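Please work through each task before reading its solution.

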Amino acid sequence: MAGVLRPGSHRATDVADDGAVVAAMLCVEVAWAKALVATGVATEAEAAKVAEAAAGLDVDLDALAVAAEAAGNPVVPLVGLLREAAGDAAGAVHRGLTSQDVLDSALVLLARDAVVRLRSHLVATGDALASLARTHRDDVAVARTLTQWAVPTTFGLRAAQWLAGVDDAVARLDALSFPVQYGGAAGTRALLAELAGPGADAAAPALAAALGLADALPWHTRRGAVTAIADALVAATDALGVLAADVLLLGRPEVAEVRESLAEGRGGSSTMPHKQNPVLSVLVNAAAQQAPGLAAQLHLAAAGAVDERPDGAWHAEWPAFARLLELAVTAGSQAAELVAGLQVDTSAMAARVAVATDAGALDARGATGEAGRLVDLAVARWEGRHA
């Protein structure tokens, strides 16, 4: 899909589109052929032929999608293509695996790489927020609680709070584990145990090492790895959503305390040429509205992962997980650009403080309290972790 209804999705190219999924599945099959060498079931020459076949495989994605319906997943037709291409090494393709092993491991690979991309965007966003917080440490603004003017604060503290949210989100990403999936038909690893005997013990560690994933027990119906990744992604879009929502409020013409930077061709209206819409904030806000529902779908599927292999719950994960990966990376990229170019009008803030004070609508008895020290703490924490 071109992403016409997913504005900005080009920023997440190759995160979880069909081509990326197929490439990741082939990567798992190649790694498995190498793992079979470690067990004595395949030879180095066979594994090399599988790798060569995978590298040269020209997959018609549309045809693969159609063929996937017959098996209920895309692994079965892809394995058929790979075996045909591998020739006399076909016996080293997929032997001892099940479809879920391949697709789960492939999606974990994509998730790991997406998290790396998202993390880099969050760090860029955090660095820019730290600079904003430091620059505007003592610039007084009106704090709002329950939509009403409350007491004085500083724009530096507002930026520091955004920064702390991003910092927490990065910590969630850093705590993630990315496990390999290998259980065979029903999570018993029976076929390879029969073929390789005691040597079968080498398969899982070898597969994990080849893919750069963590070795793990089979988790066909224990979907905590998927939901943990989803929850960390939503923590990131939550933090970015708060930032975007604040910018949208503060950027309203009647407030005008901040605004997005101008960019050629961005923010225009189809009927009102005078408008400059805050498009980046709108799209980040939209991502934050969508992400929790996608994670909820994954939790619902996890709760329905019955027996030794799920009967539809697993299948329900795929589009939600892929979309969540794409959405989080896209929002991260947009947020980094938004914050890097954010324009802050301290004179508008000061004028509003004066108006609110004169009108008796601002309780200024404590002035800005410990705002400056809190800014310093947030910035120091960020720089201590990400210097």
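**Exercise 1.** How many residues line the second largest pocket, and which of them lie nearest its centre?

*Solution.* The model is predicted, and local features need pLDDT of at least 70, side-chain atom pairs count only at pLDDT 80 or more, and totals for chains, interfaces and linings use all residues. Residues are numbered from 1 along each chain as its sequence is written, and side-chain values use heavy atoms, with hydrogens and water left out.

Step 1. On a 1 Å grid over the protein atoms alone, a pocket is an open set of points where a 1.4 Å probe fits, with protein on both sides within 12 Å along at least five of seven lines; lining residues have an atom within 4 Å of a point.

Step 2. The second largest pocket has 18 lining residues, and Gly-251, Val-258, Arg-259, Glu-260 and Gln-276 lie nearest its centre.

Step 3. At least two lining residues come from each of helix 9 (224-250), strand 3 (258-259) and strand 4 (343-344); helices (H or I, at least four residues) and strands (E, at least two) are DSSP runs numbered from the N terminus.

**Exercise 2.** Describe the lining of the largest pocket.

*Solution.* Step 1. Of the 29 residues lining the largest pocket, Ala-16, Asp-17, Asp-18, Val-21 and Ala-322 lie nearest its centre.

Step 1. Helix 1 (18-39), helix 3 (61-71), helix 5 (99-135) and helix 11 (313-340) each give two or more residues to this lining. Helix 11 contributes the largest share, six residues.

Step 2. Domain 1 (1-97 + 182-215) and domain 2 (98-181 + 219-386) each provide at least three lining residues, the domain bounds coming from an automatic or database domain assignment.
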